[in-house]
Amino acid sequence: MVVIVDDYDLVSTTSGNPLAPLAEFAPQGRDLGLHLVLARRTGGSSRFLFEPLTQVMGDMGSPGVLFSGDRMEGRLVNATASRNLPVGRALLARRGMPPAQVQTAVP
C-alpha cells in the first residue's frame, strides 16, 4: 500500500490528523508493504516535526527530499536544513550520509 499525501500541513490540523493511526505501523512498513510519502511546504515545518507520524518517521531515519526553502526553519530531515536552490534542484537527505544535490523534473 502506498499512501501519498500532498499539502500535509492542510491534512494535519489542530483539530486532528486522520493519518495518526499509521504512526504505529510505520516502523514495520517494510514488512507490511506500507510506503508513506508526505509533501508539505517548508514554512512552519519545525512545528510538524513533533507530530506522532512525522516523529516516528524521523526516528526511523526515513529519507527525504528538500526543495528550495528557508534555512531558518532548521534541520528538517536527517539533520539537513533547506536552502535556496536553483529550480529543479533538491537535496536528498539520507540517514548517515551527507545530503546530495539531485536534479528533478522541471515542468
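In what follows, Ala, Val, Leu, Ile, Met, Phe, Trp, Tyr, Cys and Pro count as nonpolar, Asp, Glu, Lys and Arg count as charged, and the others, Gly among them, count as polar. This is a predicted model, in which local features need pLDDT of at least 70 and side-chain atom pairs count only at pLDDT 80 or more, while totals for chains, interfaces and linings use all residues. Residues are numbered from 1 along each chain as its sequence is written, and side-chain values use heavy atoms, with hydrogens and water left out.

Rolling a probe the size of a water molecule over the atoms shows where empty space is left. A pocket is an open set of points, on a 1 Å grid over the protein atoms alone, where a 1.4 Å probe fits and where protein lies on both sides within 12 Å along at least five of seven lines; lining residues have an atom within 4 Å of a point. A volume is the space filled by probe spheres set on the points, which are joined across faces, edges and corners.

The largest pocket has a volume of about 1,200 Å³, and of the 34 residues that line it, L36, M57, S62, P63 and G64 are the closest to its centre. Its lining divides into 17 nonpolar, 13 polar and four charged residues. Helices (DSSP runs of H or I, at least four residues) and strands (runs of E, at least two) are numbered from the N terminus, and helix 4 gives the most to this lining, with five residues. Among the other elements that each supply at least two residues are helix 2 (29-32) and strand 2 (35-38).

The second largest pocket holds about 160 Å³ of space, and its lining includes Y8, D9, R40 and E51.

Turning to the strands, two of them pair if DSSP finds at least two bridges between them. Three strands form an open sheet in the order 3-6-7, with antiparallel pairing, and strand 3 and strand 7 are the edge strands, each pairing on one side only. Strand 3 and strand 6 pair over three bridges, with L66 opposite L91 in strand 6. Strand 6 (residues 89-93) is joined to strand 7 (residues 100-103) by four bridges, and A90 stands opposite V102 in strand 7. The hairpin of strand 6 and strand 7 has six residues between the strands, and in it G96 takes a positive phi near 75°.
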